[in-house]
Amino acid sequence: MDQGQTLRQHLDGFATDPDRRLIADAVAAFADAAIEITELTCGGALAGITGEGQTLNGDGDIQKDLDLQADRIIRRALAGVSVAALASEEANEIEIRDPASAISIAFDPLDGSSNINTNMSVGTIFSIVRTPLHARAAFTQPGTTQLAAGFVVYGPQTSLVLTLGDGVDIFTLDRKTRAFRQIRSQVKIPPNTAEFAINASNRRHWDPPILAYIDDCIAGADGVLQTNFNMRWIGSLVAEAYRILTRGGIFLYPADARDGYREGRLRLLYEAHPMAFIMEQAGGGATTGNLRILDLAANTLHQRVPLIMGSIESVQRLERMHMSPDIKFERNAPLFATRGLFRN
Ligand code: F6P
């Protein structure tokens, strides 16, 4: 593998025509912005970051000081790149820049910002799509129209995970040279896993298939999965995704019965679409339980969607469990643990 090549070298190798050059320049702009954002996340209070809420964004989420700064940094980094339409988690409207450009970009400048003042990993997520005839329609296309997607984790290391549509590569920031260097190429997610991630405090609000699946994980070697599971919940999508790419796993942020959560919590355009593209490119999967995430198109800019992603066999198992109309009955049946339907 090309261990050690810089992100710039990787992008230059990819940029064999003008449209690809545009994609490469956009990714490079996110990498430049990530270096600046790293200074802020690593500096914390010393860099003037309090992690405190300031305002509400269009969807009612509290915007932290770093959310807004990251948004400004990314918009500035992208100023030199021809982009038709930009959609940010932090803005109510899309921004039309150069409607003739072949690419449009949706991004979450700082994901997981409730983790900022607890000194835990946060990240930036981006999705680059082909601009349709009318730039305003750029973000109403299914996720299959993505040309590239990536995310940056600001953790102990700053790492950028990238797909240009041909596998997934990971680059880590060398802070001495301020360059991203490739540390993994063609990442593959193990198809099986014994690790799940879900906010279990919402258990009483879950739908039957989610309840059944998590109960099966918790039953461990005594249950139908016949495997002792481990659980992780970081509360930061980028950190969970990075862990899954590293050692497999299944992540669930399902729809649930709480007010405002009937469509889940995460956003389709700048969270689920790019994560799904990356997961599939690494041999994993991403689904709502009923539908493949990449087949979905957004009706609104900040549309939410249930997201289940990770190791392919677990994703497929959850899809089968959603398809079974008998799931409630199955859970109550005395012979539940011996049923064959949900065994892999
Ligand atoms: O983008 C929203 C986010 O911060 C994700 O990074 C994370 O997966 C999720 O919210 C955590 O939500 P909750 O606080 O409900 O567990």
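1. Helix 4 (residues 208-219) in this predicted model has these buried residues: Pro209, Ile210, Ala212, Tyr213, Ile214, Asp216 and Cys217. The list includes an aspartate, Asp216. The helix length also checks out. With 12 residues at 1.5 Å a residue, helix 4 should span 16 Å, and its end C-alpha atoms are 16 Å apart, so the two values agree. Just after helix 4 comes Gly220, with a positive phi of about 60 degrees.

2. Next, strand 13 (residues 250-253). Which way do its side chains point? Ile250 and Leu252 point one way, Phe251 and Tyr253 the other. In a regular strand the side chains alternate between the two faces of the sheet. The four residues of strand 13 are all buried.

3. Strand 13 has pairing partners. Strand 11 (residues 195-197) runs parallel to strand 13, and two bridges join them. Ala197 stands opposite Phe251 there. Strand 17 (residues 307-310) pairs with strand 13 in the antiparallel sense, over four bridges. On that side, Ile250 has Gly310 as its bridge partner.

4. Eight strands make it up, in the order 4-3-5-6-7-8-9-10, and the pairing is mixed. Strand 4 (95-96) and strand 10 (179-184) are the edge strands; each pairs on one side only. Inside the order, strand 6 (residues 122-130) and strand 7 (residues 146-154) run antiparallel and are joined by eight bridges. Ser127 is paired with Ala149 of strand 7.

5. Two helices pack on this sheet. Helix 1 (residues 7-14) touches strand 8 (158-163), strand 9 (168-174) and strand 10. The direction of helix 1 makes about 10 degrees with that of strand 8. Helix 6 (residues 268-281) touches strand 3 (85-88), strand 5 (103-111), strand 6, strand 7, strand 8 and strand 9. The direction of helix 6 makes about 100 degrees with that of strand 7.

6. Finally, the ligand. Which residues surround the ligand? They are Asp111, Gly112, Asn199, Trp233, Gly235, Ser236, Leu237, Tyr253, Arg265, Leu266 and Glu271. Tyr253 belongs to strand 13, and residue 111 lies in strand 5 (103-111).

7. Polar distances to the ligand follow. An N or O atom in the Asp111 side chain is 2.7 Å from a ligand oxygen atom. For Trp233, a polar side-chain atom lies 3.2 Å from an oxygen atom of the ligand. For Tyr253, the corresponding distance to a ligand oxygen atom is 2.6 Å.

Notes. Residues numbered from 1 in each chain as written. Predicted model: local features only at pLDDT ≥ 70, side-chain atom pairs only at ≥ 80, totals over all residues. Heavy atoms only, no water. Buried < 20%, exposed > 50% of the residue type's maximum accessible area, 1.4 Å probe, protein only. Pairing = 2+ DSSP bridges. Expected span 1.5 Å × (residues − 1). Contact = heavy atoms within 4.5 Å. Axes fitted to C-alpha atoms, helices over the stretch in contact; angles between N-to-C directions. Near = heavy atom within 4 Å. Polar contact = N/O pair within 3.5 Å; in protein donor to acceptor, adjacent residues only side chain to side chain.
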